Amino acid sequence: MKTEIKNRLTNELNRLELNNKSYLGYPLANDFSFKALAPFLDLQINNVGDPYTPSTLGLDTKDIEIEVIDFFANLLRAKKNSVWGYVTNGGSEGNLYGLYLAREAYPNGMVYYSESTHYSVKKNLHLLNIQNIVIRSQENGEIDYDDLERSIVLRRHKPAIFFLNIGTTMKEAIDQLDKIKLIIKKLAIKDYYIHCDAALLGVVAPFLNPRPAFDFQEGIDSISISGHKFIGSPIPCGIVLCKNEHKDRVGSSISYVGTKDTTITGSRNGLTPLILWYALKNMGISGLRNRVNSCVELAQYTEDRLQEIGVNAWRNTNALTVVLDTPSNWICKKHQLAVENEITHIICMPGITKLRIDEFIEDMKTDLSNETVKSDANEIYDAFLAANF
Ligand SMILES: *Cc1c(COP(=O)(O)O)cnc(C)c1O
């Protein structure tokens, strides 16, 4: 390899390795190794089109992709052969797909989603040109059911498309399907569609106790989950699942590739199904359960430690996300914290250790003692103003 190329790669690798160890504010697992899949990097792999229809191009990992879909279908308690899905480029694509299916089912439908919904959804609604309305959120990030009900009452003649958060981005709040169903029943809504955005919690919630209601047994129509978040992957990916009947409304046969055009993109990643398959095979159900339990425990520890040192910290029931008042800029930078308005969060993902949390707590202590100095200075200044003017 040319020295110049080699040096550049070394620099990139060092920077990424360092930053991979230092973030606390994003829901990304970093405890994986996919070196065993390295030989696949020297091949053309392409899962073009529908995973269930082979292509004339034999360069795919569709058999593996179908196993991944089956794994999720089981985890989300779908009846055998009742759902369809594919491995996406991430949670956003799965949400776009769910909304696309909803629009095909109800071209005249109205999408209801809370103000805590992921930023990409607005753009997707715009792309799809579907009517939509933002519903207020409660303080904990959950949708405001009263506001939702009032909004639907005004539009009862329209089919309702519910875009629910199974874990909002900022506070990991869960919109409760049971309460949505009560509203549907109360208002006697006949035509409706339920999509769940379970980017982070899709692989987590099945192991929580109590188990949040969000899956096919509970009557959802489609769901999107990110693969690179809780499972972890060097390439962003995800999974989307829907009831068969919805998929059957879209996608025509394309003779050029000999498969069906049911997916958003044509050429599709064949490596990410391998990555997900490899990770899930190695973890198994019991591995996933342990993973969830350790993260919930670490989140509890983080919340307790922060409260102990006087930080205003809290989290939703069983959440991996601890919400806190935004500290000084240097802390946010050092620990790669995502800030929204006056709050930030620590997300206790697989790969984050107690030691990392302790380091963060030490930095918070330093920050708090500086705060005292700052507020003293302010008080002295205020007293000076009061005395002299
Ligand atoms: C991360 C996230 C998304 C987007 O998922 P990507 O995999 O980054 O495309 C959507 N919704 C929620 C709630 C998320 O947390």
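**Exercise 1.** Which residues on the other side of helix 4 are exposed?

*Solution.* The model is predicted: local features need pLDDT of at least 70, side-chain atom pairs count only at pLDDT 80 or more, and totals for chains, interfaces and linings use all residues. Residues are numbered from 1 along each chain as its sequence is written, and side-chain values use heavy atoms, without hydrogens and water.

Step 1. Helix 4 spans residues 120–128 (helices are DSSP runs of H or I, at least four residues, numbered from the N terminus). Its buried residues are Ser120, Val121, Asn124, Leu125 and Leu128 (buried is under 20% relative accessible area, exposed over 50%, with a 1.4 Å probe and protein chains only).

Step 2. These residues lie on the same side of helix 4, because they cover an arc of only 135° around the axis (taken from the directions from the helix axis to the C-beta atoms).

Step 3. Lys122 and His126 are exposed on the other side of helix 4.

**Exercise 2.** State which side chains place an N or O atom by a ligand oxygen, and how much of the ligand the protein covers.

*Solution.* Step 1. For the side chain of Ser92, the distance from an N or O atom to a ligand oxygen is 2.6 Å. For Thr169 it is 3.4 Å, and for His228 it is 3.4 Å (a polar contact with the ligand is a pair of N or O atoms within 3.5 Å).

Step 2. Of the 380 Å² of accessible area that the ligand has on its own, the protein covers 86% (Shrake-Rupley method, 1.4 Å probe).

Notes. Polar contact = N/O pair within 3.5 Å; in protein donor to acceptor, adjacent residues only side chain to side chain. Helix = DSSP H or I, 4+ residues; strand = E, 2+ residues; numbered from the N terminus.
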